[in-house]
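Let us walk through this structure step by step.

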Amino acid sequence: MTRSKQALILNVLTYTAAVVVVLLMAFPLYGLFLTSLQPESVIRSRDMQFFPDSIYLEHFREVLRPGHIVPIREGMWNSLILSMTTALVCLVAALPAAYAFSRLRLPGRRIILGTLVSVYFLPTTLFLIPMFVLFVSWNINDTFLSLVLAYSGFILPFEIWVLKAFIDKLPLEVEDAARVDGCTDLQVMLKIVLPMVRPGILAGFVFAFILSWIEFLTPLIFTADLKITTVALGLFRSTIDIKIGQQAAAAVLTLLPVAVLMLVFQNLITRVLLTGDEN
Amino acid sequence: MMAPALVIVLAIYLYPAIFTMVLSFSHFDIVRLRLDRFAGLDNYLDLFSNPAFLNATLRTVYFGCLIALSATILGFLIALLLDRKFYGRAIVRVVVVLPWAVPPVVSGVLWGQMFHADIGFVNAVLERLGLIDRYQIWLGDGWTALHVIAVAEIWKAIPFTVLFILAGLQSLPRHVFESAAVDGASIGQSFRDMLLPLMMPILIPLALVQFVWAMKAFDTIFVLTRGGPAGGTTTLNYFVYNEAFQAFDLGSASAAAYVLLLVTLCVVLLISVLRRFVVPIQ
């Protein structure tokens, strides 16, 4: 086989593969959006057009109506507050820890950090059983507090790891200079490190927000009395409801904030996750 | 300065881990919320004589391997594609990364609709292509349903594996491949003798991480099948949930959780031995 012939075959293969990959990866999402934008009768008929000629927004209007059987509106609002609170709590707790892990030469700090990060890999059910017992006995089951505590616990190890990666990259000279000029450790952290690590803080906030927003198992267990609902739970309840179009609309609403955040902070997110720990 | 975070993390992890350990060796009174009596190895012995638990364990390992292998191999193939220059590559890349932004619970709902017995697009497409003669009930049988869940998990895992492998591919020494091509090595040869061995240090830990992530799968199982039909999609993680929060047998659940922990820890240790530490979110 000549080299040009080989190149031609390779090109044909490349484009075929590209088309197949796009179809397989995008089709489910396309299907979801399509379903959310078509009337129930069209969805239920078995000859749905893959390229429809009209758009139907009633499902979104329906699920966002207050008091709808699928509590998506309430869930989105609750999740927004929960995720913001959790993201703030995580930042406040993780910043000093990340700074300490990055700068202090403590014996065994790498083992501690390694253990912390490993914990992030473990199934959450392990920790939910005793937390459930504790929260019930403290009478904080089914409250915002219980959810913020649980979320923060699950997200913190990851948050520390992310912030540490950012702090590690800061030049030490500036801090040393500040110390020579008489700054205390606390002042160095607040006045020197904090302003310089702003991209890290942004990344940490976005990560914690997304991770809280998508959390499902924790609220499923801790809101058994149904006093609070989160967006993920609201969506799940739509699977009991029989209207497929509304279920799709609820799913799109759950997905959108995460998708927008991921899109806006795409570079930041991939950079953090793929470069990883430089040590 | 580590104190505030460490206190929270210890409270959320270490204390519960010990508490769960204690629970796994005792009978727990769920009404009065206190330890009833010491049970010794009862909970563990009960589990290991429970066929549902043993099946769930085997199923979990199968499920983990299936997802780890598929996500890594498909990720590798797509990464190889994206490593080539072609028109529209940027678009393909964006499309491939899309599922990353999908919350797991949405992924469950999404694939539930895709594989819906009456209105599912999978049925519609397969029927129009003539591959099936009538609509199938995909979630009606445990073994098939398990694979539907695996599809949902793999679809969500692929963006990370692709980006991770792509970063690895781009760090390879290009000139070695170019000079091999000049020396007459075929594409197959340079793939088998150079690319694959060079990529193994990235592919193996990546597959292990995917295995560990598969152990955490819950949302998709809950939304799609609730562990059914007939327990056919109950993985260990789901088994623990069922024992603890449906049957309220915390002792048994804790023992099962420790078995799951052991399976996971073995793999996590393997990863840290391999010295490639990555923290993905999905």
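Helices (H or I, at least four residues) and strands (E, at least two) are DSSP runs, numbered from the N terminus. On that basis chain B has 12 helices and two strands. Read from the N terminus, the elements of chain B run α-β-β-α-α-α-α-α-α-α-α-α-α-α. Along the principal axes, the C-alpha atoms of chain B fill a box of roughly 75 × 60 × 35 Å.

Some ground rules apply. This is a predicted model, in which local features need pLDDT of at least 70 and side-chain atom pairs count only at pLDDT 80 or more, while totals for chains, interfaces and linings use all residues. Residues are numbered from 1 along each chain as its sequence is written, chains are lettered from A and ligands numbered from 1 in the order in which they are written, and side-chain values use heavy atoms, with hydrogens and water left out.

Now the interface. The contact (heavy atoms within 4.5 Å) takes 87 residues from chain A and 85 residues from chain B. The size of an interface is often given as the accessible area lost when the parts come together. Here chains B and A bury about 8,100 Å² between them. That area is what two parts lose on being put together, summed over both, with a 1.4 Å probe. Carbon and sulfur atoms hold 81% of it. Helix 1 (residues 3–24) of chain B gives the most to the side of chain B that touches chain A, with 11 residues. That side divides into 72 nonpolar, seven polar and six charged residues. Nonpolar here means Ala, Val, Leu, Ile, Met, Phe, Trp, Tyr, Cys and Pro; Asp, Glu, Lys and Arg are charged; the others, Gly among them, are polar.

What about salt bridges (a side-chain nitrogen of Lys or Arg within 4 Å of a carboxyl oxygen of Asp or Glu)? Between chain B and chain A there are zero. Over all chains the count comes to four. In one salt bridge, A:Glu58 pairs with A:Arg61, the closest N and O atoms being 3.1 Å apart. Both residues lie in helix 3 (residues 58–64) of chain A, three residues apart, about one turn of the helix.

Last, the surface. A:Trp77, A:Leu80, A:Ile81, A:Met84 and A:Phe144 make a nonpolar patch of about 460 Å². Patch residues have over 30% relative accessible area and no salt bridge; like charges are joined within 9 Å, nonpolar side chains (Val, Leu, Ile, Met, Phe, Trp, Tyr) within 5 Å. Accessible areas come from the Shrake-Rupley method with a 1.4 Å probe, and for residues only the protein chains shown count as cover. Helix 4 (residues 72–103) of chain A gives the patch its largest share, four residues.
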